Amino acid sequence: MPVEITWWGHATCTVEDSNVRILTDPLFARRLAHLRRRRGALPAPDSRRADVAVVSHLHADHLHVPSLAGLPEDTRLLVPRGAPGAVPGLRRLTHLRVTEMAPGDVTTVGGVAVRAVPARHDGRRLPLGRHRSPALGYVIEGQVRTYFAGDTGLFDDMAEEVGPVDVALLPVGGWGPYLGEGHLDAGRAAEALARLAPRSAVPVHYGTYWPIGMDAVRPHEFHAPGDEFARLAAERTPGVSVHRLAHGESVRLEVAR
């Protein structure tokens, strides 16, 4: 029972399951405020093709209105509850079918169910913004159960809240030299992997964007998280297959239940 996963960079992936294409946190930009794309060519226009796109939280590197504006007509877009009120630009995307989600909500697209699950992350659009929405992860269940974590820290009931999954797309880094609260680095992502116990994992959210002018500041935090996660996962959860993808690379996974 196959699922195909393509990593486009940062937290943006395409998950294809049961002939349904799911796009995660679409970000197709050479530059975003003080960040620039340092690795991986800008994905081709076909990367925007999706039946449904999911947005994990309101931060601009995950809810990027210009990237969402480029999605095809009539794409289903799942966003955290309250997002249209917090991000006015969302309300102008009238070519998309927007559905607000909270933990436990399920949306069905073709033969795939997309379930919102909790995440431990700041849900505000701006660091000091008034508007809050829940930060979410998503479990995509078709022939395979795939967990997209979005941005999250570890939390005690992670395994119970997420439920059993076959594949985990886990953030292992960030876009700057220091990770704030509510994030996974390579070590915490390896701990999340041990709690979730999937069969396969793909590290994401690293090695794509970096602040302009800071190339020499802790550069290992840009380059190393994927390899470090794979090394720690091999030590702690040797039964989990880790697929460290290059930008634009895909992996096809067969998962027997």
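Let's start at a loop. H10 sits between β1, residues 2-9, and β2, residues 12-17. Keep in mind that this is a predicted model.

What is the backbone doing at H10? Its phi is near 50°, a positive value, and the residue is not a glycine. Is H10 buried or exposed? Its relative accessible area is 2%. The cut-off for buried is under 20%, so H10 is buried.

Next loop. D25 lies between β3, residues 20-24, and β4, residues 31-32. Here too phi is positive in a residue other than glycine, with a value near 35°. D25 is buried as well, with a relative accessible area of 0%.

What does D25 touch, once neighbours within four places in sequence are set aside? The list is A11, T12, V54, V55, S56, H62, F148 and G150. The side chains of D25 and S56 are joined by a polar contact of 2.7 Å. For a distance to a residue off that list, take T14. T14 and D25 are eleven residues apart along the chain, and their C-alpha atoms are separated by 9.7 Å.

Now to H64. This histidine is in the loop between β6, residues 52-54, and α1, residues 65-69. H64 has a relative accessible area of 9%, so it counts as buried. Which side chain does the side chain of H64 meet in a polar contact? The partner is S67, at 2.6 Å. Leaving out neighbours within four places in sequence, H64 is in contact with P26, L27, A29 and L32.

Step into α1 itself. P66 is in this helix. Its relative accessibility is 57%. Exposed means over 50%, so P66 counts as exposed. From P66 to L90 is 24 residues along the chain, and 9.7 Å between C-alpha atoms.

On to strand β7, residues 76-80, where we find R76. Buried or exposed, for this arginine? R76 counts as buried, at 17% relative accessibility. Beyond four places in sequence, R76 touches D51, V52, A53, R97, T99, T107, T108 and V109. H57 is 19 residues from R76 in sequence, and 16 Å away in space, C-alpha to C-alpha.

The last stop is helix α5. This helix runs over residues 186-196. Its buried residues are A186, A189, A190, A192, L193 and L196. Where do they sit around the helix? Viewed down the axis of α5, the buried residues fall within an arc of 155°, so they line one face. The helix geometry is the background here. An α-helix has 3.6 residues a turn, so residues three or four places apart point the same way.

Look at the two ends of α5. At the start, a side-chain oxygen of D185 reaches to within 3.2 Å of the backbone nitrogen of G187. Just after the helix, A197 takes a positive phi of about 55°.

Finally, the packing of α5 on α7. The two helices pack at an angle of about 40°, with their axes 8 Å apart. That angle makes α5 oblique to α7. The crossing is right-handed. Which residues make the contact? On α5, they are A186, G187, A189, A190, E191 and L193. On α7, they are P225, E228, F229, L232, A233 and R236.

Terms used. Residues numbered from 1 in each chain as written. Predicted model: local features only at pLDDT ≥ 70, side-chain atom pairs only at ≥ 80, totals over all residues. Heavy atoms only, no water. Helix = DSSP H or I, 4+ residues; strand = E, 2+ residues; numbered from the N terminus. Buried < 20%, exposed > 50% of the residue type's maximum accessible area, 1.4 Å probe, protein only. Arc of directions from axis to C-beta. Polar contact = N/O pair within 3.5 Å; in protein donor to acceptor, adjacent residues only side chain to side chain. Axes fitted to C-alpha atoms, helices over the stretch in contact; angles between N-to-C directions. Parallel < 35°, antiparallel > 145°, perpendicular 65-115°, else oblique. Left-handed = near helix turned anticlockwise from the far one by under 90°. Contact = heavy atoms within 4.5 Å.
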